[in-house]
Amino acid sequence: MATTTQMLELLIRGAASGNFVLLALGVISGGRAPARMTGGLFCLAAASHVLTQFPIAFDALGVGSLPVWVMSVTGAGLFWAFAAELFGDNARLAAWRFLPAIALLVIGGLATTTTPEAARALWLLHNLVGAVLMLHVLLVVWTGWRGDLVEARRCLRGPLLGVAALYALVVVSVQAGELFTQPADQLSLLAAVSLLAMSLASAAVFLRADSQLFGPRIGSTRAAAPDSLLLGRLQEALKTQDLWRQEGLTIGKLAETLHAPEHHLRKLINEGLGYRNFAAFINERRIAAAMLELGDPAKRRVTVATIAYDVGFSSLGPFNRAFRDSTGGTPTAWRRAALEDRLNSDPSLISRESD
């Protein structure tokens, strides 16, 4: 028979799980943005995690325990996918985002069909993979904070997703420790209360009417009247001074150059020009300049790396990613096609090249 403490924990976990399910429905019903789809799946995984961590609740599910277990075991991977989409501003949901979740499911599935010794090693691997994913989420949250132009999302980075990722790291650490020691049953009620608090905090943030949080807002591409002077100074500086070519340019440095408050510049670029992060705003100009150089027959022997550095990128990796996001292909492939088109339209360029 369940004790009073167990009954209390069952009620708390039931409330937390229900909140996460309602949150999943609320997030998904708001549209088909990649962040909404992955966010809804993660909320279902969170609801499942709440139940699988409490045997009394999990055993009562009967045949429904299998899908709940599947969602729970993939939770870290779905949280990683959600964070990647929420902060990545991707136009489409890439299938490979679910590879970590699938890998966790495979590892968990193998652990249930093997010997106890092998299962222990597999569950340890499962927890280590989860820890790596959570550390990467924390890295994404931290490194992208300064350049995030969406105020609602920028404020969200630390207090909610950071806490959620840290909680997951603690859970992973405890579960890994339990593989070699006794179960940490004394922490179960505390975990239940923490999950209930996070479910309520998540609902307060993600269910509010803020279309900017999950995707680009359809609105004016013109700056508001009070920022028209700043807009003019910004456009002039970018055009005449080529500020976007500066390696390591930040919105803080740009605001200092324009002698403008940083929060005013953030609002202008986000709400007036429609950009969700500073990197996208700057990289658009860098990629456009790189495309001109890559398609110039006179510069066909200039390396891609040299062009990347010339337009302001600090290394080739970020340039390749930004170029692929913008054009759908690699700089080398784009250059090859552009030069072929130029030579086909103007064969005289071949003789000039030989000269």
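Student: Is H259 buried or exposed?

Tutor: H259 is exposed, with a relative accessible area of 71%. Buried means under 20% relative accessible area, exposed means over 50%, and partly exposed is in between, with a 1.4 Å probe and protein chains only. This is a predicted model, in which local features need pLDDT of at least 70 and side-chain atom pairs count only at pLDDT 80 or more, while totals for chains, interfaces and linings use all residues. Residues are numbered from 1 along each chain as its sequence is written, and side-chain values use heavy atoms, with hydrogens and water left out.

Student: Where is H259, and what is its phi?

Tutor: H259 sits in the loop between α11 and α12. Its phi is near 55°, a positive value in a residue other than glycine. Helices here are DSSP runs of H or I with at least four residues, strands are runs of E with at least two, and both are numbered from the N terminus.

Student: What about phi of D242?

Tutor: Phi of D242 is near 50°, again a positive value in a residue other than glycine. D242 belongs to the loop between α10 (228-240) and α11. D242 is partly exposed, at a relative accessible area of 29%.

Student: Back to α11 and α12. At what angle do they cross?

Tutor: The axes of α11 (residues 251-258) and α12 (residues 262-272) cross at roughly 105° and come within 9 Å. Axes are lines fitted to C-alpha atoms, for helices over the stretch in contact, and angles run from 0 to 180 degrees between N-to-C directions. The two helices are therefore roughly perpendicular to each other. As for the classes, under 35 degrees is roughly parallel, over 145 roughly antiparallel, 65 to 115 roughly perpendicular, and the rest oblique.

Student: Which residues meet there?

Tutor: I251, G252, L254, A255 and L258 in α11 meet E262, L265, R266 and I269 in α12; contact means heavy atoms within 4.5 Å. By class, that contact has six nonpolar, one polar and two charged residues. Ala, Val, Leu, Ile, Met, Phe, Trp, Tyr, Cys and Pro count as nonpolar, Asp, Glu, Lys and Arg as charged, and the others, Gly among them, as polar.

Student: And how do α13 and α15 pack?

Tutor: Helix α13 (residues 278-294) and helix α15 (residues 316-327) pack at an angle of about 90°, with their axes 10 Å apart. That makes α13 roughly perpendicular to α15. N283, I287, A290, M291 and L294 in α13 meet F319, A322, F323, S326 and T327 in α15. The contact has seven nonpolar, three polar and no charged residues.

Student: Next pair. How far apart are the axes of α6 and α7?

Tutor: The axes of α6 (residues 99-111) and α7 (residues 116-143) are 8 Å apart, and the packing angle is about 165°. The pair is therefore roughly antiparallel.

Student: Which residues make that contact?

Tutor: From α6, P100, L104, I107, G108, L110 and A111; from α7, A119, L122, W123, L125, H126, V129, G130 and L133. They divide into 11 nonpolar, three polar and no charged.

Student: How many residues are in the largest nonpolar core?

Tutor: It has 41 residues, and those with the most contacts inside it are F79, L86, M134, V137, F206, L213 and F214. A nonpolar core is a set of buried Ala, Val, Leu, Ile, Met, Phe, Trp, Tyr and Cys residues joined through side-chain atoms within 4.5 Å. The largest share, nine residues, comes from α5. A second, separate core of 33 residues includes L230, L254, A290 and F313.

Student: What does V137 touch?

Tutor: Leaving out neighbours within four places in sequence, V137 is in contact with F79, W80, A83 and A165.

Student: Last one: how far is V27 from F214?

Tutor: Their C-alpha atoms are separated by 9.2 Å, although the residues are 187 apart along the chain. V27 lies in α1 and is buried, with a relative accessible area of 2%.
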